[in-house]
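Reader: I'm new to reading structures. Could you walk me through this one?

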Amino acid sequence: MLIGLVSTLVFAALLWVTVVNTPGWARVQQTFFSPEAAWEALPRVWDGFLLNLRVLFFAVVGVLVVSVIIAGIRTLRGPVFFPLRALAAGYTDLFRGMPLIITLYLVGYGIPGLLGSSAPRIPLEVLGTVALILTYSAYVSEVFRAGIEAVHPSQRLAARALGLSHGASLRLVVMPQAVRKVTPALMNDFVAMQKDVGLISVLGAVDAVRAAQIETSHAFNYTPYVLAGLLFVLLALPMIRFTDWYTARLRAREQIGGIV
Amino acid sequence: MSDPVLRLQNIHKSFGDAHVLRGIDLSVNAHEVVALIGASGSGKSTLLRTINLLERIDDGQIWLRDMDVSDPAVKPDAVRARIGVVFQHYNLFPHMSVLDNVTLASRHVLRIERSVAEARGLELLDRIGLADQARAFPDRLSGGQQQRAAIVRAIATNPELLLLDEITSALDPELVTEVLDLVRELAVEGTTIVMATHEMAFARDVADTVVFLDRGVVAEQGTPAQVFGSPREARTREFLGRFLA
């Protein structure tokens, strides 16, 4: 314990001394870590950050709904459902391969284009949210599917033997166990999405990143970017801690992945 | 002893090239206990699965009371709701409390109100001495307790027929008795049971009819005294001889 503490302090001190003694440190400190610039930019970056939070909220809800549906479709059995399965598989292939930024452009400029110039204007953040949902649902549905397939078939069998329908078995027996199995992977995807929410700025939506960009160009100082970055890190930390805590609690309460 | 609960006629089932069931006929009356015995791979488990439509038969007919449940137009879920099944590996749901396991079918298949279903569930758990574990998760229970909970889950909806698929095969020897005692109680109360088992002494003691399956056909069938005491078929004698040796 003590050794760990001392070693950490020594390591941090060494790192600090190294960085501070680099030739360009004074300039970097001025242009990236200026307290005055940070303070000045804070209100607008914060307002932008609140937009990120709203987008994140709707994106998380949307991703959960869409990905569960896609995962459910991909686990349907029987030749009747082949077209649906193929469609779902094509969707996950396409959007896992497509860079998010291209999806953002295609949705952000393509959908308003399709609707024509007479249609009411859709807010940029809404289009950005749609693009995020499209991309992340492709990833998250694969995580759900892996979870569903990791639940032993005998569980589904026991559920069906009780007279539960396919849907009820999935909802009451398979999905709850699947979600527990993949919670860490799932949370990881949501942490990733949390910061990709900042990419909606490429469409022009004034989120934290865009606000930082505007502030930066005003003052020729990059501190607002650091500020925005810090806000995203602060947002992610509780989620990361929550993931660890939740996983540990589940493991304590019941055996995960034991033989059923 | 008229009024059969279950009637199987000429049941055939293949998996690929393996012809597992080759024309099984069987009739089970109300309150009757039928023990299916036979070597591994003789078709016991497959036969049980075809009865509650977890496997579709290739040919033949299955009658539950006066309903041909092998008719493709019949909804399997409705049939399964009338039949209780207990598996070798218990298959309790690990993410639910014992009580939720027991009441799941009552709540979501029979649509009984939770409070009513739980009252009945607690009554059943109390009967097997597990009322104090009702809120515990299944992995806190011993194998014998889990299997007894699984039996209670299967009978919570008062099924017309109870299927037991080698329910003691995965248990430690010292836990077998508590499970078999519960089955014996159910049999005495008049539950209609079809069980696949390797417990010959138990089958002899509790079953009304013993059915010896060999390579997918009923090789011999009779009272326990007949089948165990004076088997007619050479292969029955050979099979039982391996158990007594």
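Reader: Happy to start simple: how many helices and strands are there in chain A?

Author: Good place to begin, and keep in mind that this is a predicted model. Read along the sequence, chain A follows the pattern α-α-α-α-α-α-α-α-α-α. The count for chain A is therefore 10 helices and 0 strands.

Reader: What radius of gyration does chain A have?

Author: Let's look at its extent. The C-alpha trace of chain A spans about 70 × 65 × 25 Å along its principal axes. A compact globule of 260 residues would have a radius of gyration near 18 Å. For chain A the value is 23 Å.

Reader: And what percentage of the residues in chain A are buried?

Author: A residue counts as buried if 20 or more other C-beta atoms lie within 10 Å of its own. Of the 260 residues in chain A, the buried ones make up 32%.

Reader: Which residues have the most contacts inside the largest nonpolar core?

Author: That core has 110 residues, and its largest share, 13 residues, comes from helix H6 (residues 124-150) of chain A. The residues with the most contacts inside the core are B:Ala35 and B:Leu36.

Reader: Where the chains touch, which helices of chain B each supply at least two residues?

Author: The contact takes 21 residues from chain A and 18 residues from chain B. On the chain B side, these divide into 10 nonpolar, 5 polar and 3 charged. The helices you are asking about are H2 (76-81) and H3 (98-108).

Conventions:
Residues numbered from 1 in each chain as written. Chains lettered and ligands numbered in written order. Predicted model: local features only at pLDDT ≥ 70, side-chain atom pairs only at ≥ 80, totals over all residues. Contact = placed C-beta atoms within 7 Å. Helix = DSSP H or I, 4+ residues; strand = E, 2+ residues; numbered from the N terminus. Nonpolar A, V, L, I, M, F, W, Y, C, P; charged D, E, K, R; others polar. Core = buried A, V, L, I, M, F, W, Y, C linked by C-beta atoms within 7 Å. Buried ≥ 20, exposed ≤ 12 C-beta atoms within 10 Å, placed from the backbone. Rg over C-alpha atoms; globule rule 2.2 N^0.38 Å.
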